[in-house]
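My notes follow the order in which I checked them.

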Amino acid sequence: TSGKHTPFTKTSNRGAHLSMTSMETLLATSFEKKFSDFVGDVEITKIKNSVFEKYDMTLLSSIKDFEKFQLITGQVMGGGGTPMIKKTLESICSLESKSEHVVEIKDESIKNAILASFEDDVKKQILDIAFDYPLTIWEIASRTNIEPGIISENISYLISHGLLATNDLQDSEHNKKYCSVIDNFSVKTEGDEFHMYVTINEITNSDPLKIIASPYKTIINNN
């Protein structure tokens, strides 16, 4: 059997408000784990140390700020850096439509986090509320009838799984604002195969997209 289910579809003009690291945020945790499968421990340690020394960042934080991660990886691994980054990205996702910002998610942990979040009433409500404009935790809580502690706990889950991105904007008390990463997603089943496609806002100029897009598109589509 085959079919398509679209549990979450919206349109928005929020591009000017959204942090430009949405794609990196969604992929970062899985990327860090997969990258270690392709790169040796010695190189990983050198990259971690260099990222910390130069930027005072963890490896995960640098992946969310992908240009910094690429720079350090290139310095540590030379010409072998970009192929390993590309190989890691290809194991996690592939580009479906550059113009429509659609990416197929291959990584099971990301798929499961997306499905779990949109099947959970509290998490889905948070993602819906933070869709149009970035908001602080307290602003999100004030738009629900849910206790702030529960909101905070669920926001922590969404952040850790890359579904909420922190925004450069802050309120007058310097509290961070958050916004939903995914514009919409669809699920397609073909026999035993399960495919998930997500639309990520403002990924056109993201560094990971530059790697998984042309000239590597033919390679990706043949996998």
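These entries go from the whole chain to single residues.

**Entry 1: the chain.** I noted at the start that this is a predicted model. I looked up the overall make-up and found 11 helices and 7 strands. The chain has 223 residues, and 44% of them count as buried. I then checked how far apart in sequence the contacting residues are. Taking contacts between residues at least 6 apart in sequence, 66% join residues at least 24 apart.

**Entry 2: α7 against α9.** I took helix α7 (residues 121-129) and helix α9 (residues 148-160) and looked at their axes, which come within 10 Å and cross at roughly 80°. An angle from 65 to 115 degrees counts as roughly perpendicular, and α7 and α9 therefore are roughly perpendicular to each other. Next I listed who meets whom. From α7 I have V122, K123, I126 and L127, and from α9 they meet I150, I151, N154, I155, Y157 and L158. Sorted by kind, the residues of this contact come to 8 nonpolar, 1 polar and 1 charged.

K123 lies over the face of Y157, at 4.7 Å from the ring centre. I also wrote down a second case, in which K68 lies over the face of Y55, at 5.4 Å from the ring centre.

**Entry 3: aromatic pairs.** How many aromatic pairs does a search of the whole structure find? The search gave 6. I looked at F66 and F69, a tilted pair with 5.6 Å centre to centre and 50° between the planes. Both residues sit in helix α4 (residues 66-77), and because they are 3 residues apart there, about one helical turn separates them. F66 and F69 are both buried.

I then went to F118 and F185. Their ring centres are 5.2 Å apart and their planes are at 50°, so this pair is tilted. The pair links distant parts of the chain, since F118 is in helix α6 (residues 108-119) and F185 is in strand β6 (residues 182-190), 67 residues apart. Buried means under 20% relative accessible area. F118, with 11%, is therefore buried, and F185, at 1%, counts as buried too.

I also checked for groups of rings.

**Entry 4: T25.** I found T25 in helix α1 (residues 22-38). Is T25 buried or exposed? Its relative accessibility is 7%, so T25 counts as buried. I left aside the neighbours within four places in sequence and listed the other contacts of T25, which are K64, G162, L164, A165 and V181.

**Entry 5: S61.** S61 lies in helix α3 (residues 59-64). Its relative accessible area is 33%, so S61 is partly exposed. S61 and T29 are 32 residues apart in sequence, and their C-alpha atoms are 9.5 Å apart in space.

Technical notes:
Residues numbered from 1 in each chain as written. Predicted model: local features only at pLDDT ≥ 70, side-chain atom pairs only at ≥ 80, totals over all residues. Heavy atoms only, no water. Axes fitted to C-alpha atoms, helices over the stretch in contact; angles between N-to-C directions. Helix = DSSP H or I, 4+ residues; strand = E, 2+ residues; numbered from the N terminus. Parallel < 35°, antiparallel > 145°, perpendicular 65-115°, else oblique. Contact = heavy atoms within 4.5 Å. Nonpolar A, V, L, I, M, F, W, Y, C, P; charged D, E, K, R; others polar. Buried < 20%, exposed > 50% of the residue type's maximum accessible area, 1.4 Å probe, protein only. Phe/Tyr/Trp six-rings, centres within 6.5 Å; stacked < 30°, edge-to-face > 60°. Lys NZ or Arg CZ within 6 Å of the ring centre and 35° of its normal.
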